[in-house]
Amino acid sequence: MSDVTLRDVRKSFGAVEIIKGVDLDIKSGEFVVFVGPSGCGKSTLLRMIAGLETITAGDIEIGGERMNEVEPAQRGIAMVFQSYALYPHMTVRENMGFALRFAGLPKEEIRKQVDEAARILELEPLMDRKPKALSGGQRQRVAIGRAIVRHPKVFLFDEPLSNLDAELRVHMRIEIAKLHRDLGATIVYVTHDQVEAMTLADKIVVLRSGIVEQVGAPLELYDNPANLFVAGFIGSPKMNFLKGEVTGGSAGRAEIRLPDFGGAVVPVALTGAAPAVGTPVTLGIRPSHFSESGDAALPVTVDMLEHLGSETLIYSRSAASDLLTIATQSRPDVRIGDTLTARFPSSAALIFGADGNRIY
Amino acid sequence: MTTHGLKKRLASAAVYLFLAVMAFLSVFPFLWMVIGATNSTSDIIKGKMSFGEGLLVNAATFFSQVNAPLIFWNSAKITIIATVSTLLISSLAGYGFEIFSSRFREKLYSLMLLTLMIPFAALMIPLFMLMGKFGLINTHIAVVLPTVASAFIVFYFRQSTKAFPHELRDAARVDGLKEWQIFFLIYMPVMRSTYAAAFIIVFMTAWNNYLWPLIVLQSNDTKTITLVISSLGSAYYPDYGAVMIGTVLATIPTLFVFFAMQRQFVEGMLGSVK
């Protein structure tokens, strides 16, 4: 049985439809990440699961029960907000025990549960402080502690790490992953950061303009994106998209000409029939797939270099000014303005049709 | 010293001079009031600006002419009830206007703000007739009632509520609080500096209220300190020393409230315009 089920869930604000029919099954204990650009509806969808936004159409079930009209507190969820949303006039202990106090639990039970959560999150020395006396990371831990004490069926995280600096974000990301492992809880997590999505998720839901573009495991989305949007959104640096045209081929093979790269022809192996000659396509190649042993070659001029230590990013341009990003683990002896031949294995290339959907 | 340095110093001196003059103009009436409380009527009329020896005589005159405990009690009662009810009702309205959306919200709000344009003089007669119909003339309820839904305080609370983090309300809903509980247990404590600033404004307005109580309070046992001081000053042979004693005593509660809440007042005023 799924812990959370969404059936044709829709949300409109006046005449504007924000969520356009989402179907999703989230299994018990799964870590699901909603990812997408700003305004794609991921936070709205999470708030709809929480009961903080009404549902215009469709059904939301949690633990097998229909929750459309159920109050947030009765849904068996706990939510961690982007701004932590700690009550500023209460101490850490009061913040963490507040929901339990409202649920009518005896004082001793509240103390026991709060102490247990504080131990898990190493918050014991901070229990009598108010939120303003805590750092960003500590506040976030308190917010997570407040969620833990409720023993919810589902944890909802709304961009919880966005307000933290880069170092703390990495640290908290590991903490959340550990927490998921230790508690075995179902987590629905919203982020616009695809690195967070890739590292935390069992399953990623990519959203765009209120529509689910693709659902899958992180590496499945990385290796087999369903369309240009997912291919461009998942992976950093972003996938290169090269405009091309099918110039020939046979069963199991197609030849794609790239006019912006001096008419270079890339032979691509296919599992099915080749598209008709003249079909406009987009060839997708990840920056990390470039290697000197590749069978396809593209002439480019180096525009900019980024030495990151573990890898080097070469931002280059074709003769027609098309940008091509190359990531290499080695430290190549190239300078800005140099011309070079970027090679990649044609087997690593993905092909997208004119409608943006993946052909191969 | 360079020309630039000299110019900077002169500009700074001019600013300080201006501020000193303004500060003196603000403090002068208080100083004059305190000095007046120690002088006789004739000295006050002559414009004597030094402390005299008439404090005890003036105080004795004041307390012999006025039932001080009763009128201070009347003022305090009206002020406390008016302040508490105005803060409660107007903040609820301001919160509601900001948090809950409806088709009519902005129209209703604009209509409410329009009432700020109507001078009180134009409302006095209809209000008086209304209070008369309810049989409330010469009661303290009649003084309090017209003040409890203050358009200005509603406006002030709505503006301040814009700074209230909406995620706190969401968190409280997830924690199981009803709307009224969110208001009393989360909103009110979080917005305490806004309440402190509004408290000072409403308290001073209620304590110093003169015109409306003058109209609706007709018997001596219901009158407030402002009415009594005014009647002392408008006597055939007014004793200005006693008037000044009354004024000094009437100023003490507002000064006390202001200094007690000064820090929150400044925070509240800043918070409302940020």
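Tutor: Start with chain A, which has eight helices and 19 strands. These are DSSP runs numbered from the N terminus: helices are H or I with at least four residues, strands are E with at least two. The model is predicted, so local features need pLDDT of at least 70 and side-chain atom pairs count only at pLDDT 80 or more, while totals for chains, interfaces and linings use all residues. Residues are numbered from 1 along each chain as its sequence is written, with chains lettered from A and ligands numbered from 1 in the order in which they are written.

Of the 360 residues in chain A, 41% are buried. Buried means that 20 or more other C-beta atoms lie within 10 Å of the residue's own; exposed means 12 or fewer, partly exposed lies in between, and C-beta atoms are placed from the backbone.

Now the core. A nonpolar core is a set of buried Ala, Val, Leu, Ile, Met, Phe, Trp, Tyr and Cys residues joined through C-beta atoms within 7 Å. The largest one has 141 residues, and A:V33, A:L156 and A:V188 touch the most other members. Helix α11 of chain B (residues 192-208) gives the most to this core, with 10 residues. Chain A contributes from domain 1 (2-233) and from domain 2 (240-352), so the core lies between these two domains. Their bounds come from an automatic or database domain assignment. The C-alpha centres of the two domains of chain A lie 39 Å apart.

Zoom in on A:L156. Set aside its neighbours within four places in sequence: A:L156 is then in contact with A:L46, A:I49, A:A50, A:I77, A:M79 and A:V188. Contact means that the C-beta atoms of two residues, placed from the backbone, lie within 7 Å. There is also a second, separate core of 16 residues, including B:F62 and B:M244. In soluble globular proteins, nonpolar side chains tend to be buried together.

Last, see where the chains touch. There, 13 residues of chain B are in contact with 16 residues of chain A. On the chain B side, α9 (166-174) and α10 (179-190) each supply at least two residues. The most come from α9(B), with six. By class, that side has eight nonpolar, one polar and four charged residues. Here Ala, Val, Leu, Ile, Met, Phe, Trp, Tyr, Cys and Pro count as nonpolar, Asp, Glu, Lys and Arg as charged, and the others, Gly among them, as polar.
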